[in-house]
Amino acid sequence: MRKLGAVAATGAVLALALAAWTRPLPPAQGGGTVSGKVKFTGTKPAMPKIDMTEEPKCKAKYQGVPTDETVVVNANGTLADVFVYVKSGLPASYAAPAPTGPVTLDQDGCRYHPHVLGIQAGQTLAIKNSDGILHNIKAKAKANRPFNISQPTVMTSTKTFDKPEVMVALECNVHGWMHAWLGVLPHPFFGVSGADGSFTLKGLPPGTYTIEAWHEKYGTQTATVTVAGSETKTTDFSFAAK
Amino acid sequence: MTSVAATAHGAQAHHDDRSFVRKYIFSTDHKIIGIQFLFVSLFFLLIGGLLAMQMRWQLGFPGKPMPGGGILPETMAPGGVILPEYYIQLVTMHGTFMVFFAIMPLLVGVYANFLIPLKIGTHDMAFPRINMWSFWSFFAAGLVMLSSLFVPDGAARAGWTMYAPLSARHDYSGASLGQELWSLSIILVGLSSILGSLNYITTIINNRAPGMTWFRLPLSVWSLFITAILGLLALPVLSGAAIMLLFDQIIGTHFFDPAAGGQALLWQHLFWFFGHPEVYILILPAMGMVSDIIANGSRKPIFGYHSMVFAIVAIAFLGWIVWGHHMFVSGMNPTLGSSFMVSTLIIAVPSAVKTFNWMGTMWRGNLRFHVPMLHAVAFVAMFVIGGLSGIFMAATPVDMFIHDTYFIVAHLHYVLFGGSLFALFGAITYWYPKMFGRMMSEPWGKVHFWLTFIFYNCTFFPMHITGMAGEMRRLYDPNQYAFLQPLQPIRTFISISAFLLFATQLIFFVNFWWSLWKGKKAPQNPWEDNGLEWSLPSPAPHGNWEKVPTVYRGPYEFSSPQVAEDYLPQSKKLPSDREPARAPVAGH
Amino acid sequence: MHWWLPAKASTFTGPIDGLFLAILIITGIAFVLVEVGLIWFVVQYRERPGRKAFYTHGNTRAEVIWTAIPAVTMVALGLISNHYWVEIKGRHSIPANAYPIGIHAKQFEWQMTYPGADGKLGTGDDFTIRNQLHVPVGRPIVVQLSAEDVIHSFYVPQFRVRQDVVPGMDIKAWFQATVPGTYELGCSQLCGLGHYRMRAQVFVQTQEDYDAWMKQAAQEASQ
């Protein structure tokens with residue numbers, strides 16, 4: 001009986017040690033959630049109109065005149081197109097394989113859709129030209145290999161980014177108003193604030209994290225959040241008009 | 001004057017027990033080196049043509065998938081549809097391969113090497129080993145340039161003229177390693193040219209046979225001599241500029257980058273200071289060989305031999321002071337536009353003189369239309385068009401309109417293809433028996449000539465018209481401009497003509513290769529010519545002569561009243577001939 | 001299908017087209033002389049049995065004539081051309097009252113800066129728009145050209161005007177449009193993969209239409 005107890009105890013100790021030693025994969029369901037809103041304070045800046053007269057095919061896709069997307073303030077006083085991501089806090093041994101499916105960036109109406117997006121390192125970026133007229137995509141990457149490719153007609157090109165980089169600037173030089181921002185991360189914990197200003201980071205392993213919110217004009221802000229189990233923590237950010 | 005050839009004792013005709021490798025691969029025999037240049041350059045001529053065919057596909061059938069385009073990677077032609085960045089690589093590499101790896105080595109690398117010692121009456125070049133290095137550095141340069149097509153981010157794409165800062169900065173062009181390999185290759189090409197020029201100049205000055213005075217040299221040798229001087233002085237400027245460009249590209253200098261204190265126009269001045277003498281390097285040897293062939297085909301001496309020599313010298317001299325005509329609208333001081341216009345208009349005169357002298361040679365001749373003569377007469381007819389179109393560009397106000405349009409593309413192809421390449425087809429056919437001991441097929445040579453002549457003019461003449469209408473160069477898709485859309489039928493016509501022109505060259509290539517083994521065995525002097533090379537067996541043996549010949553007269557004594565035949569070789573001694581003042585060196 | 005020079009829409013077309021035609025006539029004469037001569041010789045002097053060629057080394061008088069005539073022609077052409085060159089591009093060719101427009105070229109667009117209501121560039125009421133060049137008809141216009149990155153080239157075929165735009169240099173070019181209408185401005189120096197698409201529309205308007213457009217565009221730009 002004592003011998004059996006000793007074996008069981010050893011087995012339990014070994015099991016615990018094994019559990020501690022092997023990497024904690026992100027749980028398929030469950031895990032912690034960090035969500036929140038990105039608020040905007042101050043007077044909403046007027047964004048310049050974009051004159052697309054030189055590109056009739058794109059101009060025709062709009063009822064009114066499109067405006068510059070640098071600052072998009074939602075009706076409820078929140079800021080859209082803010083890239084929110086886990087900057088640090090994941091265990092050193094953490095590694096998530098890049099998803100097999102691509103992230104799509106579409107050029108439609110001579111605008112990038114989405115304007116701000118995230119991708120995992122090693123994941124495929126599918127760049128689609130829905131306009132059928134010449135766009136070039138210049139990626140002014142610094143940690144990754146920069147590129148400049150053209151798409152003269154309706155077509156899709158694929159690219160991958162190997163190294164994390166926040167943020168890679170993308171632009172079209174034929175249509176100088178076209179800009180997009182791409183965040184490349186080694187993990188899937190990122191999101192972009194939408195039309196209601198909210199963001200959600202799901203499936204986080206327990207731990208204390210530095211979350212960063214990035215905006216192309218208003219810069220960055222950070223917050224520290226601790227999650228455990230499958231709880232949801234709320235963190236809001238606030239950017240002020242300059 | 002002691003003959004330096006006496007010290008080149010390693011190259012006597014009677015002694016040849018070299019290994020296969022020393023005989024045919026690492027050879028110091030000028031004839032083998034010439035043949036090596038011939039094989040490699042013809043390969044690059046084919047590459048240049050293939051690149052052009054792709055360009056013409058896009059221009060003739062814009063945005064359509066190219067037949068066979070599926071083998072190209074997604075970065076060049078997804079689904080066989082050529083991308084804009086690939087198109088400008090095609091434009092750049094077509095020009096680069098044709099100028100540096102086809103026409104220049106065919107004219108100079110082949111014929112300076114092959115003809116000079118034979119035509120001046122000596123055993124080999126003054127520096128046979130340096131000559132060998134001239135070929136191998138050219139070969140290395142070609143490999144480097146070819147490899148640039150296959151590297152990540154693709155080949156150089158700023159045009160063969162490689163204007164900075166587009167060529168100097170990767171973030172402007174989108175190319176990286178490909179641009180750097182271009183610069184490196186050009187440095188090696190410069191080296192090859194310089195080494196060759198050293199040989200050609202020294203050999204002609206020092207190693208002429210007894211009796212071969214300066215004014216008894218064939219015009220082919222005169223033109224190769226003057227070309228070698230041009231090369232010696234011009235290629236270092238190109239190589240220097242290419243080194244500066246390479247440094248901007250890889251080690252962080254900013255010679256040509258205005259954003260960091262450099263000057264964009266500096267590249268243009270350096271490039272064109274080389275570039276204008278370069279285009280005379282690309283035509284003078286052709287003119288010289290055409291002179292030899294026309295005199296032979298007309299059975300008459302060259303009309304105005306001395307004028308022809310002075311014209312060659314004048315063209316070469318004036319060629320140094322016209323480079324700014326490539327830069328009339330570049331932003332350089334407009335006063336320079338005036339001075340360069342004057343020098344450019346003047347340089348038309350010696351070319352006109354040469355044209356009239358060729359006609360004078362044919363006048364009252366007894367014309368034999370062997371294949372080389374067909375090509376030589378076509379040269380005169382086409383070169384005249386190219387030269388006359390140049391006058392439009394020389395007039396600066398007109399150039400403001402036609403600069404960087406297809407009018408320029410038409411001009412350069414009329415002089416380089418209608419001129420130099422036709423001359424080369426003639427020269428290759430003419431000296432083939434002396435190189436290989438066989439004749440190329442005459443009937444197939446005539447078929448190739450006529451089809452090439454027709455398709456060539458159908459391809460390039462209409463470019464004068466699209467240029468006049470304002471069509472710019474290097475456009476992936478001219479239909480983006482409303483004023484250029486009506487010209488699409490002409491563009492398609494040009495493309496189809498170009499495809500037929502390219503297909504026709506298959507006849508030449510097959511004729512060339514097949515005749516090496518199956519051609520009729522060549523007699524010693526199949527064209528009944530007077531040059532010293534025709535006094536040797538076909539093919540000419542290693543070391544050329546056991547004993548160097550003596551020269552009694554000029555090279556163009558056709559239909560001389562002194563003899564019954566209508567030709568009189570330079571080394572044939574007639575009873576009335578006196579020995580030349582300089583006696584042959586004993587035992588030589 | 002258009003077989004000739006583009007439509008004439010500026011004061012430069014007179015001298016440039018005229019010079020082009022003059023050169024066409026001169027070179028045309030030379031062309032006919034040489035080509036017909038060659039064909040004539042090829043037919044007349046082809047080899048026939050029993051014939052021998054005429055043994056001669058040349059004729060000095062012929063050499064002098066066919067050197068002198070081209071030389072004199074070229075000198076005359078040079079003098080005439082230079083007269084117009086100085087008028088069009090010379091250092092002092094820009095008319096004093098030319099209306100200024102700033103044009104900044106970058107991969108792959110043209111940015112036009114208009115002087116606004118005060119007619120002067122570099123003042124507070126200037127505004128910039130993309131790829132649209134509006135000019136009043138019948139007035140000399142001076143475009144102040146600058147480049148952001150690589151060499152581009154300002155080219156309007158119907159105006160016959162072309163000027164390379166060089167980074168690191170501020171270059172002025174002038175023209176005077178004569179016919180109201182819409183034209184195209186193209187980039188005429190290979191500037192990268194978008195070179196073929198670097199175009200702008202040129203609107204030549206009567207002074208009233210231009211003023212009306214200016215007012216509206218300035219208003220839109222200030223919003």
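Predicted model: local features only at pLDDT ≥ 70, side-chain atom pairs only at ≥ 80, totals over all residues.
**Chain B against chain A**

I found seven residues of chain B in contact with seven residues of chain A. Sorting the chain B side of that contact by class, I got three nonpolar, two polar and two charged residues.

**Chain B against chain C**

Next I looked up the contact of chain B with chain C. Chain B puts in 88 residues here, and chain C puts in 75 residues. Which helices of chain B supply at least two residues each to the side that touches chain C? I noted H3 (84-120), H5 (170-173), H8 (264-281), H10 (305-318), H11 (334-362), H12, H13 (396-402) and H15 (442-468). H11(B) gives the most, with 17 residues.

**H12 and H14 inside chain B**

H12 covers residues 371-394 of chain B, and H14 covers residues 406-436. Their axes come within 8 Å and cross at roughly 160 degrees. Angles over 145 degrees count as roughly antiparallel, so I put H12(B) down as roughly antiparallel to H14(B). What is the handedness of the crossing where H12(B) passes H14(B)? I have it as left-handed. For the residues in this helix contact, my tally by class reads 19 nonpolar, ten polar and no charged.

Conventions: Residues numbered from 1 in each chain as written. Chains lettered and ligands numbered in written order. Contact = placed C-beta atoms within 7 Å. Nonpolar A, V, L, I, M, F, W, Y, C, P; charged D, E, K, R; others polar. Axes fitted to C-alpha atoms, helices over the stretch in contact; angles between N-to-C directions. Helix = DSSP H or I, 4+ residues; strand = E, 2+ residues; numbered from the N terminus. Parallel < 35°, antiparallel > 145°, perpendicular 65-115°, else oblique. Left-handed = near helix turned anticlockwise from the far one by under 90°.
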